[in-house]
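Trainee: I'd like to learn how to read side-chain packing in a model. Could we go through one together?

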Amino acid sequence: MKNKKRKTVWTNKALYLMILPGVLYFLIFKYLPMGGIIIAFQDYQPFLGILKSPWVNMKHFIRLFTEPTFRVLLKNTLYFFMLNIVIFFPLPIILALLLNEVRHKVFKKVVQTIIYIPHFMSWVIIVSISFVLLAMDGGLINELLKNIGLAKIPFLTSSNWVGVVYIVQVIWKELGWSTIIYLAAITAVDVQLYEAADIDGATLLQKMWHVTLPAIRPVIITLLILKVGNILNLGFEHMYLLVNPLNRDRAEIFDTYIYTAGLKNGQLSFSTAMGVFKGVVGFIMVYITNKIANYLGEDGVY
């Protein structure tokens with residue numbers, strides 16, 4: 001049996017070498033750091049190390065759930081997550097459906113290139129451009145509003161506008177890149193299904209609804225499950241660049257608070273406890289949504 005396995009590995013050695021970088025990445029940057037979870041149950045002191053730092057059991061988790069800050073962070077994080085699910089998530093699907101119907105190849109490639117480019121820009125560039133456009137003093141959009149006789153809008157300093165600015169930036173940066181997955185899924189749809197729909201006299205919208213969407217439904221459900229798994233993990237860099245003292249009551253989320261508590265204030269054990277909480281919630285949400293998908297007859301992610 002062992003010889004058979006060795007022979008199989010040797011025969012497919014090129015494939016195993018191809019997956020080796022990915023395996024090493026997850027081992028080094030995802031699994032090995034999980035050993036640091038232990039400091040969530042300690043009053044960790046860097047000079048004492050993990051072995052000598054005193055144990056405090058669930059002290060940091062009790063503090064996390066009893067502080068008023070927790071409710072604010074949870075509310076803000078769920079608010080931005082809902083913006084992602086309700087507004088952003090359907091847009092790549094719609095865009096992929098529309099691009100799939102474009103028959104002019106040159107125009108299609110130009111559009112795809114234009115909408116893909118922002119993905120390769122860092123959040124620093126995206127937010128910096130937004131500052132130039134939305135600033136109260138000298139911002140292009142506010143200057144246009146002023147010139148047409150309207151009042152300037154504090155896009156960057158108002159808690160009421162931070163959600164709008166956030167979701168527009170997410171759409172601008174990630175819409176095109178997210179569309180690639182759905183376009184790839186659409187290319188696998190059997191052409192004969194479209195031919196049969198044409199014979200039955202189906203319109204363009206009817207073919208999208210009754211042929212294309214059902215064909216890519218497994219991909220949509222899989223990505224939705226993975227998206228729900230990131231319910232408390234919106235990404236640090238983007239929100240850290242958006243948050244400021246004037247909109248902090250709405251823009252502060254778990255990711256930015258962990259950075260402030262852990263690295264700025266030196267509360268390493270408390271910030272680790274918060275990270276553990278985020279990970280557990282993400283795991284539970286993936287499990288629940290996958291079970292719901294299985295119950296509805298879909299494959300899910302496992």
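Predicted model: local features only at pLDDT ≥ 70, side-chain atom pairs only at ≥ 80, totals over all residues.

Trainee: Where is Ile 37 placed, and which residues is it in contact with beyond its sequence neighbours?

Mentor: Ile 37 belongs to the loop between α2 (13-31) and α3 (49-52). Setting aside neighbours within four places in sequence, Ile 37 is in contact with Thr 272 and Val 276. There's also Ser 269, 232 residues away along the chain, with its C-alpha atom 8.8 Å from that of Ile 37.

Trainee: Next, aromatic pairs. How is a pair of rings described?

Mentor: You give the distance of the centres and the angle of the planes. Here the count comes to 15 aromatic pairs. Take Phe 70 and Phe 277: the ring centres are 5.5 Å apart and the planes sit at 65 degrees, so we call the pair edge-to-face; the cut-off for that is over 60 degrees.

Trainee: Which helices hold Phe 70 and Phe 277?

Mentor: Phe 70 is in helix α5 (residues 68-88) and Phe 277 in helix α16 (residues 268-295), so the pair ties together parts 207 residues apart in sequence.

Trainee: Are Phe 70 and Phe 277 buried or exposed?

Mentor: Buried, in both cases: Phe 70 has a relative accessible area of 11%, and Phe 277 comes in at 16%. Together with Phe 65 and Phe 254, they form one aromatic cluster.

Trainee: And which residues have the most contacts inside the largest nonpolar core?

Mentor: Phe 80, Tyr 166 and Met 274, in a core of 56 residues. Helix α10 (residues 162-187) gives the largest share of this core, ten residues. Leaving out residues up to four places away in sequence, Phe 80 touches several others, among them Val 162, Tyr 166, Leu 234 and Ile 253.

Trainee: What about charges? How many salt bridges does the structure hold?

Mentor: The general idea is that side chains of opposite charge can pair when their charged atoms come close. The structure holds nine salt bridges. One of them links Arg 63 and Glu 67, with the closest N and O atoms 2.7 Å apart. The charged end of Arg 63 also sits over the ring of Phe 270, 3.8 Å from its centre.

Trainee: How about Glu 252: buried or exposed?

Mentor: Glu 252 is buried, at 9% relative accessibility, while its salt-bridge partner Arg 248 is partly exposed at 34%. Their closest N and O atoms are 2.9 Å apart.

Methods:
Residues numbered from 1 in each chain as written. Heavy atoms only, no water. Phe/Tyr/Trp six-rings, centres within 6.5 Å; stacked < 30°, edge-to-face > 60°. Helix = DSSP H or I, 4+ residues; strand = E, 2+ residues; numbered from the N terminus. Buried < 20%, exposed > 50% of the residue type's maximum accessible area, 1.4 Å probe, protein only. Lys NZ or Arg CZ within 6 Å of the ring centre and 35° of its normal. Contact = heavy atoms within 4.5 Å. Core = buried A, V, L, I, M, F, W, Y, C linked by side-chain atoms within 4.5 Å. Salt bridge = Lys/Arg side-chain N within 4 Å of Asp/Glu carboxyl O.
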